[in-house]
Every structure is written in C-alpha cells, then in structure tokens.
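Below are a few friendly points to follow with the model open beside you.

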Amino acid sequence: MTAAPLPAHTSVLVAGAGPAGLTAAIVLAEAGVDTVVVDRLAEGANTSRAAVVHARTLEVLDEIGVAGELCERGLEVPTFTVHDGPKTVATVEFGELPTAFPFTLMVPQNVTEEVLLDRLHRAGGRVHRPVTVTGLRQENGGVTVEYTGPDGTAGRLRAAYVIGADGMHSTVRDHAGIGFSGDTYPASFVLADVHMAWPRSREEVSLHLSPEGVTVVAPLPAVGADRYRVVATVDSAPDHPTREEIQALLAARGPAGEVTVTELLWSSRFRVHHRVADTYRAGRVLLAGDAAHVHSPAGGQGMNTGIQDAALLGRLLARVVAGAPDALLDTYEADRRPVALEVVAFTDRMTRMATLGNRPARAVRNTALRLLTSLPPVRNGLAHRLAELDYR
C-alpha cells in the first residue's frame with residue numbers, strides 16, 4: 001500500500017510481511033488487537049519462491065478464511081514420486097490423508113501473499129512499506145522500536161510486543177540478542193520457474209536422484225499447463241542460471257523422454273542453511289517463520305512451518321493482550337520450537353539421502369526406499385509427515 005505515517009504506539013508490531021507475518025497480523029486483527037505491520041521492501045513478492053502449501057497449513061489457513069481461494073488459484077497435486085534415472089523407486093500418495101485437503105497444493109508464494117494481504121485488508125489491517133527496523137530495546141513494560149521510514153527519516157514506535165517475522169537475516173532477532181544455531185550446506189541450490197515440455201504427469205511432484213545431485217520438478221498453475229518449478233543442487237551455479245543451463249541440467253538428471261525448456265520465467269541461486277533460533281522468545285520479542293528456523297527445501301516444509309508458527313502466536317498474543325497471563329506466551333516456544341527441530345532433522349535426512357554420490361550407497365538407498373514405501377504403514381506415515389499432519 002502507499003506510504004502512511006506510523007503511529008507512535010501499538011499493541012503488537014509485526015516486522016515482516018511475508019506469509020508468516022501476514023498470517024500473524026490477520027489473526028491479531030480479527031481478534032481486535034491494535035497491530036502495526038512493517039516491511040523493509042517497497043512492494044510484496046513478485047516471484048514464486050516457496051510454492052508448496054501442505055495439508056496442515058491449509059487447515060490452519062482455512063480457519064482464517066483463505067484456504068478456499070488459495071485452492072482455486074493453485075494446482076492440487078496428489079502424488080509425490082522419487083526416481084533414479086529411468087527407475088521409479090518410491091511413490092507417495094496424499095489422497096487417503098485424514099484431512100479436508102488430501103493433496104499438496106502448488107501455488108506461487110506471490111499468490112499466497114496476495115491472498116493473505118487481501119485478507120488482512122478485509123480485517124482492517126495494512127502493511128507500511130518500505131519501513132526498516134534499525135533497533136529495539138525493551139524497557140518499562142514494552143518495546144521501543146527504532147525504524148527508518150519510506151522517506152529515509154528515522155522514527156520510533158512503542159509496542160507492547162514485537163513479532164520478528166523478518167526472515168533468515170532477522171534484524172529483530174539480532175537486536176533481541178537471540179542466537180541462530182546451525183550450519184550451511186556446501187552445495188548451491190538452483191531455483192527456477194520455466195515453461196517446458198515435461199514427460200511426467202502434472203499430478204505429481206517428482207524428485208530425481210543422480211550422482212550429480214538432486215532435482216525436484218513440480219507443476220505450477222498455468223493456463224497453458226506447461227509451467228514448472230525446478231529446484232536442484234549444483235556444486236557451483238551462476239547467480240541466475242539461463243534457460244540453456246536449466247535445459248542441460250534436466251536433460252542430464254531428468255526422466256527418459258523429451259524435456260524441452262521453452263521459456264525461463266525467472267531463476268536464482270541460493271545457499272541453504274539449517275538453523276533454529278536458540279529461543280523463540282526474549283521478553284516481549286517473539287520470532288516466527290524464517291526468523292526462527294531455516295532448513296533445506298526438501299519436502300517444501302519451510303513456509304508451511306512458518307505459517308503454522310504465526311497462527312498459533314497470533315492467537316496466544318491476542319489472549320495476552322486481552323488480559324491473559326503473560327506466561328501464556330511461553331507455551332509458544334514449548335509447542336513450536338520442537339516442531340522446527342524435527343523439521344530441520346527430517347529435511348536434513350532427506351537432503352543427505354537424496355545427494356548420495358557413491359554408487360553402492362545409492363543402490364542400497366534405492367532398494368531401501370522401494371521396499372519401505374511398498375509397505376502401506378510406512379508409505380502412509382511418510383505422506384502424513386510431509387503433509388505436516390503430525391504437528392496438529
């Protein structure tokens with residue numbers, strides 16, 4: 001939205017207007033809590049970035065009235081497959097999950113943010129842009145937040161509580177003195193959205209294993225039914241891989257059959273971290289989303305975990321602002337930090353399993369995957385875990 005002066009006081013300041021920050025703000029606004037949302041970017045996301053919304057997240061978003069619109073604008077994908085060259089080594093179906101959303105929903109993150117932002121507007125909220133948090137200090141039963149506004153002018157805002165949903169490089173987390181323990185994977189990840197002719201069904205997300213690295217191809221909603229997301233590990237990748245480079249990568253690692261990339265919509269390279277904040281709360285400052293945890297994109301868990309964080313945190317803060325004991329906020333970390341630790345461990349195991357280069361180790365992995373996923377309890381358990389239904 002257009003720039004507007006920030007108030008001098010608010011009950012809750014939400015720093016960051018990504019999916020986690022918007023979700024928290026919607027819950028708070030619906031509860032009648034005076035909330036200010038700021039974001040350092042002049043406008044919202046215009047690239048798809050995170051593109052997977054899992055069943056548990058859709059259940060949470062359904063509670064705030066946006067799951068239906070997301071499903072209308074997304075693509076329901078009921079199957080996840082794992083391949084090594086031309087061989088399919090595992091198939092996981094989501095159709096039997098005990099949920100109203102028995103599928104993976106593929107929807108670009110910019111669409112998710114558009115839907116959430118529109119919902120925030122209907123709840124009477126707004127996002128102030130570009131506003132950069134430059135410091136904060138806790139004193140006298142509140143938090144004084146320093147910021148730089150749209151015109152570059154410094155300002156201060158007094159909040160009872162602050163939610164840091166400002167991403168992996170969180171300023172709020174740093175100024176609150178919260179550590180961010182973990183490490184970085186050695187390989188680069190390539191991320192691209194393309195139009196292409198792809199030989200596999202658009203009803204599946206496919207994971208392709210190879211000695212060169214792991215590649216995930218997922219269909220995205222599109223009028224022409226030829227838009228796909230590509231995520232791949234590459235030892236050394238350019239900042240913005242070209243169409244030809246994506247084509248060569250898929251030709252080397254993809255399934256048998258013709259793969260023709262006709263258009264590159266956007267691409268990037270990134271390093272992947274696996275880190276969890278040492279605590280989710282420092283007094284009146286609380287963390288959600290990537291400010292609290294980051295991990296491998298394996299399984300598409302990151303944004304989903306963050307949205308679920310934010311929905312719970314919003315509900316707890318609304319109760320505290322309404323008069324519940326402040327100690328209620330301690331249950332947020334008790335509930336959600338163990339989830340992040342489990343997700344980090346799970347995605348780390350998936351990433352290391354998928355990137356094995358040694359031929360005997362790969363053969364053992366493939367045999368184990370084929371045998372284990374042939375057992376219905378294992379196969380259904382994996383679907384349940386990927387869908388994040390374990391975290392209800």
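**Notes on rings, sheet and helices**

1. Let me start with a charge over a ring: Arg202 lies over the face of Tyr228, 5.2 Å from the ring centre. Arg284 has its charged end over the ring of Tyr161, at 4.7 Å from the centre. A charge sits over a ring here if NZ of Lys or CZ of Arg is within 6 Å of the ring centre and within 35 degrees of the ring normal.

2. A word on the source: this is a predicted model, where local features need pLDDT of at least 70 and side-chain atom pairs count only at pLDDT 80 or more, while totals for chains, interfaces and linings use all residues. Residues are numbered from 1 along each chain as its sequence is written, and side-chain values use heavy atoms, with hydrogens and water left out.

3. The whole structure holds 4 aromatic pairs (rings of Phe, Tyr and Trp, the last by its six-membered ring, with centres within 6.5 Å; planes under 30 degrees apart are stacked, over 60 edge-to-face, the rest tilted). One of them, Phe189 with Phe270, is stacked, at 5.6 Å centre to centre and 25° between the planes. Phe189 belongs to strand β12 and Phe270 to strand β16, so the pair ties together parts 81 residues apart in sequence. Helices (H or I, at least four residues) and strands (E, at least two) are DSSP runs, numbered from the N terminus.

4. Tyr280 and Tyr332 make a tilted pair, with 5.6 Å between centres and 45° between planes. Tyr280 is in the loop between β16 and β17 (281–282), and Tyr332 is in helix α8, 52 residues apart. Tyr280 is buried at 0% relative accessibility, and Tyr332 is buried at 0% too.

5. Now the sheet: 8 strands form an open, mixed sheet in the order β6-β5-β13-β14-β15-β12-β16-β19 (strands pair if DSSP finds at least two bridges between them). β6 (87–93) and β19 (293–294) are at the edges with a single partner strand each, so one side of each has no neighbour in the sheet. Strand β5 (residues 79–84) pairs with β6 in the antiparallel sense over 6 bridges, and Asp84 stands opposite Lys87 in β6.

6. Lastly, in helix α6 (residues 243–253), Ile246, Gln247, Leu249, Leu250 and Arg253 are buried. The face turned away from the buried side of α6 carries the exposed Ala251 and Ala252.

Definitions and conventions. Buried means under 20% relative accessible area, exposed over 50%, partly exposed in between (1.4 Å probe, protein chains only).
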